Amino acid sequence: MQKKIVILLLAIGFLNINAFGQDQNSTSQTEDEFVTEIFTVYGNCGMCERTIEGSLKDVEGVTLADWDRETDKMKVSFNPSVIALEDIKQKIADVGYDSDTHRAKDEVYNSLPGCCQYDRPEN
Ligand SMILES: [Cu+2]
């Protein structure tokens, strides 16, 4: 009877160590996989914010998309093995917004609501 209890305790101890080891492992993996980038996206108002952030909603590999209308800074966390920064900027351009490297098509920009037609950067 005593022996059984000892074995049981040993087994529980082993499981705990194992679970702990796995936990550590998956945490560091998640940290390694995701990167955060900050870049400029031109826009005006709260509606722009919804459109810009909405362009990355439900996009695979993107875990955070936050645009600050005071500073025009876009913060994106993503997994670069799933989606490239270029593709993220293209998705933002596709809904009408210029970034530091990607330019929206004129017709998409022109179809934005008047209040959202921000001053475009040159070229
Ligand atoms: Cu707007």
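Here are some questions and answers on how the features of this predicted model get their labels.

Q: Why is tyrosine 97 called buried?
A: Its relative accessibility is 0%, and buried means under 20%, so tyrosine 97 counts as buried.

Q: What does tyrosine 97 touch?
A: Leaving out residues up to four places away in sequence, its contacts are Val41, Tyr42, Gly43, Cys48, Thr51, Ile52, Ile92, His102, Ala104, Leu112, Cys116 and Tyr118.

Q: How many aromatic pairs does the structure hold?
A: There are two aromatic pairs.

Q: What makes tyrosine 97 and tyrosine 118 a stacked pair?
A: The ring centres are 5.3 Å apart, and a pair needs centres within 6.5 Å. The angle between the planes is 20°, and planes under 30 degrees apart count as stacked. That settles the label: tyrosine 97 and tyrosine 118 are stacked.

Q: Why does this pair tie together separate parts of the chain?
A: Tyrosine 97 sits in the loop between helix 3 and helix 4 (106-110), while tyrosine 118 is in the segment after helix 4, so the pair joins parts that are 21 residues apart in sequence.

Q: Why is the pair of tyrosine 109 and tyrosine 118 called edge-to-face?
A: With centres 5.1 Å apart, the two rings have their planes at 90°. Anything over 60 counts as edge-to-face, so that's the name for tyrosine 109 and tyrosine 118. Ring pairs link Tyr97, Tyr109 and Tyr118 into a cluster.

Q: Are tyrosine 109 and tyrosine 118 buried or exposed?
A: Tyrosine 118 is buried, at a relative accessible area of 2%. Tyrosine 109 comes in at 10%; the cut-off for buried is under 20%, so tyrosine 109 counts as buried too.

Q: How do you know that a charge sits over the ring of tyrosine 109?
A: The charged end of arginine 120 is 4.4 Å from the ring centre and sits over the ring; the distance limit for that label is within 6 Å.

Q: Which ring does lysine 89 lie over?
A: Lysine 89 lies over the face of phenylalanine 39, with 4.8 Å to the ring centre.

Q: How do you know that the buried residues of helix 3 are on the same side?
A: The buried residues of helix 3 (residues 85-94) are Ile88, Lys89, Ile92 and Ala93. They span an arc of only 140° around the axis, so they end up on the same side of helix 3. What they pack against is strand 1 (35-40), helix 2 (46-54), strand 2 (62-68) and strand 3 (73-78).

Q: Which residues have the most contacts inside the largest nonpolar core?
A: Met74, Ile88, Ile92 and Tyr97 do, in a core of 20 residues. Helix 2, strand 2, strand 3 and helix 3 each give two or more residues to this core, and strand 3 has the largest share, three residues.

Q: Why does serine 99 count as buried?
A: Its relative accessibility is 5%, and the cut-off is under 20%, so serine 99 is buried. Serine 99 touches Phe39, Thr40, Val41, Tyr42 and Lys89, not counting residues up to four places away in sequence.

Q: What makes the link between serine 77 and threonine 36 a polar contact?
A: Their side chains come to 2.8 Å, and a polar contact needs N or O atoms within 3.5 Å. Serine 77 lies in strand 3 and, at 10% relative accessibility, counts as buried.

Methods
Residues are numbered from 1 along each chain as its sequence is written. This is a predicted model: local features need pLDDT of at least 70, side-chain atom pairs count only at pLDDT 80 or more; totals for chains, interfaces and linings use all residues. Side-chain values use heavy atoms; hydrogens and water are left out. Buried means under 20% relative accessible area, exposed over 50%, partly exposed in between (1.4 Å probe, protein chains only). Helices (H or I, at least four residues) and strands (E, at least two) are DSSP runs, numbered from the N terminus. The arc is that of the directions from the helix axis to the C-beta atoms. Contact means heavy atoms within 4.5 Å. A nonpolar core is a set of buried Ala, Val, Leu, Ile, Met, Phe, Trp, Tyr and Cys residues joined through side-chain atoms within 4.5 Å. Rings of Phe, Tyr and Trp (its six-membered ring) pair if their centres lie within 6.5 Å; planes under 30 degrees apart count as stacked, over 60 as edge-to-face and the rest as tilted. A charge sits over a ring if NZ of Lys or CZ of Arg is within 6 Å of the ring centre and within 35 degrees of the ring normal. A polar contact is a pair of N or O atoms within 3.5 Å; within protein, one must be able to donate a hydrogen and the other to accept it, and residues adjacent in sequence count only if both atoms are side-chain atoms.
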